[in-house]
Amino acid sequence: MKTFIISPFEELHETVRTNTVDYEMIGKRKDDYKWYDKLTPPRVITSDGEIITGKYKREDLPAEAIVGLAVSSGVIEGRARVILNMEEADLEEGDILVTAFTDPGWTTLFVSLKGLVTEVGGLMTHGAVIAREYGLPAVVGVENATRLIKDGQRIRVNGTEGYVEIL
Amino acid sequence: MRSLVLGFQEMEKTQLLLVGGKGLNLGELSNIDGIHVPEGFCVTTAGYRKAIEQNAAYQDLLDRLTMLKADDRDQIGEISRKIRQLISGAEIPADVVTAVTHYLSQLGAEHAYAVRSSATAEDLPHASFAGQQDTYLNIIGRDAILQHISKCWASLFTDRAVIYRMQNGFDHRHVYLAVVIQKMVFPQASGILFTTDPVTSNRKLLSIDASFGLGEALVSGLVSADCYKVRGEEIVEKRIAAKKIAVYGRKEGGTESREIEPHQQNVQTLSEQQILELSRIGRQIEAYFGCPQDIEWCLADDTFYMVQSRPITTLYPIPEASDQENRVYLSVGHQQMMTDPIKPLGLSFFLLTTPAPMRIAGGRLFVDITARLASPVGREALINTMGNSEPLMKDAIMTIIEREDFIQTVPVDHKEARPANKGMPPAALEAAAEPDPAIVLELINNTQASIEELKQNIVTKSGTELFDFIREDIQLQLKRILFDPRSSNVFMSAMEASAWINERMQEWLGEKNASDTLSQSVPHNITSEMGLALLDVADAIRPYPEVIAYLQHAKDDRFLDELVKFEGGQEAQAAIYSYLDKYGMRCNGEIDLTKTRWSERPITLVPMILSNVKNFEPNASRKKFEQGRQEALNKEQELLERLKQLPDGEQKAKDTKRMIDVIRNFIGYREYPKYGMVSRYFIYKQALLKEAEQLVAAGVIQEREDIYYLTF
């Protein structure tokens, strides 16, 4: 179970220079990439491989609330669209996007949204900054959001207090 | 001729396709010194093929099955059932029978055996076949064993296994099954051993589940088990379960479950000594295979037997370090809002760009924060950066700090500077930090000019010269611009002003997250402008029904050329090109240089454009922006008026107004540095793909994208 080793050795440069490459290695790395794609990276990991998870230390939440970090104020209800691949997004105006992460490319979807829920993210990461600028209620850092919330469910996003409720 | 039957000791590492995953693992386990594996042998896939290959009826049914699709459930069910009947009813080839009889007589023909299927793809690191786990325990007598071999063969064609293969693109004709026949052990206890803690993935913590009788009850979740955790030579945790039932072999064959006497239920299954002995065995097996293992074991007559060992493939890999010291790593993807794996070429570029000490694991980057955790000042600074913005990371780091023994702190170095702002009055600090609003345009213009220069200069470079040129550009231009202190000062001051507003408005007015509304529709935000600009593209297309109709069916990137055939097509094409000109270097997962950019695949944008056409009125971008701006202005007015009513209200309002201006002047720039970086990445990429085309032409690689799997 070895991971990629990025050596200071300049593989592409060397390939261009010599017109030779270890093609088997390329095949192996393609397989590795597919395997990595199935793994969920931890926020914090130690040299023992131990995954240290953090918790939200909050008590003021409704009983069934799914906790996260409030990054853009406002409370909104709507249909949850659980979408992991941006290209498969088929949004109607007023949908709430539920996804793993939203880097800048996802912004093109934001204009159609009523709310945003992501598994990754903090107060100053990309999705949060744009959500505030568009006035879009958003809760980020919601662990397992794409599994806990089902596509099509009606949800309420509380971007002021930092939680999501399934209605 | 390939062997129809092989004993565990006769197998070789390369024979996966012959003996299957389970068979091969047992063969390997049997080779480890001091490890007891119940004796046995394997009817190989050659034996299975011999049984079916000459069977015309089987081949015919298989042809019919191959024609079906995964959702033809009724037909799949019917044909699969016929195949199963055919296989379990057919006579086993005489030479297979002879070989099985021979091995049985060597091991003891009167003994009881377990008969298990061993698929050639099951148990492999990255593929697992559903529905091929058939196990028959306590089978006695040659005829009964042969009959269960047929049953295992037939299990290749359970509906579930057939559908699974269809969904995953495996050909029914090329999936074969081996069958393991292994001497039964009648254990007093059995269970599962993970050489890694299954809860936290800690490789140094070994975990043992144990209960009475045969392990099948535990594997199938029928009974609860004790759980012991061992670190090194120390048992660090013991959880004793109430074990109400256990499964045992019957004299006449088969198994039965029996209730455990109440006073026995809470007895610890293994003694301390046995727990430690078993954990040493586990570590030995792990060392032999070279990776964490999931092991099935049993205990009979005070001897531990191993009946299965598989690699644990779900573990997240550990970032590689050059020493054995304890280290702590933070995910970079979580801070970059991009947690997909990055291909090697993409990793190279990110590593060349970042000044932080980063490691790679599982195709993702991690920052080594060990050194920072080792000093009290570093700890404090790290915790402060996490502040309220990354509570989950902060809490995880606190957990490590609280352990005290994991990272040794170095003694306080009094010369080490305290954070510079200590003791400085806040007002003075803010005044010092506040940049001139004109700087934003200056920074943007400088970046643009530098990108234009790069575009011009790179076209003349190729081969080694290109690589040197890119390296130099990263060092001298990309990094200089990205880490320009004037640049970070701009958005840091906006972030600090946001925090200031949130704190003060909460304190003075009881207003939560006030800066959220105040940050709406600010100028110079390249990313939010990108979202709004796509509304403008929709505006250019909306008046032309022919273009819309065409786009609804467009499948590939030829659509951009085809558009001109329709009324309004020229306008649509121009609008899309102009959008790509400004934003075409972006895409989902853009920090990975190898990801396909919108300019490389414009069709990606089409569904979003169409949804904008459908969901919005003309001029929506301006209306949306203006609406946000009004809301921000109204909020500002409201806050300032409420503040003026307070004691010392004029001063509070004045300070607040200043902070609001800082937010609105500077927060939009927060998105710009990454735009600059991604713009350069795309230029590098296009140049490298030209090199890749030459490699393809020379037959060095098969497709351009192969270079993504090489380091730079």
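User: How far apart do the C-alpha centres of domain 1 of chain B and domain 2 of chain B lie?

Analyst: In this structure, which is a predicted model, the C-alpha centres of those two domains of chain B lie 27 Å apart. The domain assignment of chain B gives domain 1 as residues 5-183, domain 2 as 189-311, domain 3 as 329-424 and domain 4 as 438-697. Between domain 1 and domain 2 of chain B, 20 residues of domain 1 are in contact with 22 residues of domain 2.

User: How is chain A divided?

Analyst: Chain A is divided into domain 1, residues 1-39, and domain 2, residues 66-166, and the C-alpha centres of these two domains of chain A lie 35 Å apart.

User: How should I read a sheet, and what is the strand order of the open sheet of 6 strands in chain B?

Analyst: As a general idea, the strands of a sheet pair through backbone hydrogen bonds, and they do so either parallel or antiparallel. In chain B the open sheet of 6 strands has the order E9-E8-E7-E6-E12-E13, and its pairing is antiparallel. Strand E9 (234-239) and strand E13 (303-311) of chain B are the edge strands, each of which pairs on one side only, while the twist from one strand to the next averages 20°. At one end of that order, strand E8 (residues 226-231) of chain B is joined to E9(B) by 5 bridges, and B:Arg231 stands opposite B:Glu234 in E9(B).

User: Which helix lies across strands E6, E7, E8, E9, E12 and E13 of chain B?

Analyst: Helix H10 of chain B, which covers residues 272-289, lies across those strands and runs at about 40° to E13(B).

User: Which domains of chain B each give at least three residues to the lining of the largest cavity?

Analyst: Domain 1 and domain 2 of chain B each do so. Strand E3 (112-119), strand E5 (177-183), E6, helix H8 (216-219) and E12 of chain B each supply at least two residues of this lining, whose residues divide into 12 nonpolar, 4 polar and 4 charged.

Note on methods:
Residues numbered from 1 in each chain as written. Chains lettered and ligands numbered in written order. Predicted model: local features only at pLDDT ≥ 70, side-chain atom pairs only at ≥ 80, totals over all residues. Heavy atoms only, no water. Pairing = 2+ DSSP bridges. Helix = DSSP H or I, 4+ residues; strand = E, 2+ residues; numbered from the N terminus. Axes fitted to C-alpha atoms, helices over the stretch in contact; angles between N-to-C directions. Contact = heavy atoms within 4.5 Å. Nonpolar A, V, L, I, M, F, W, Y, C, P; charged D, E, K, R; others polar. Domains from an automatic or database assignment.
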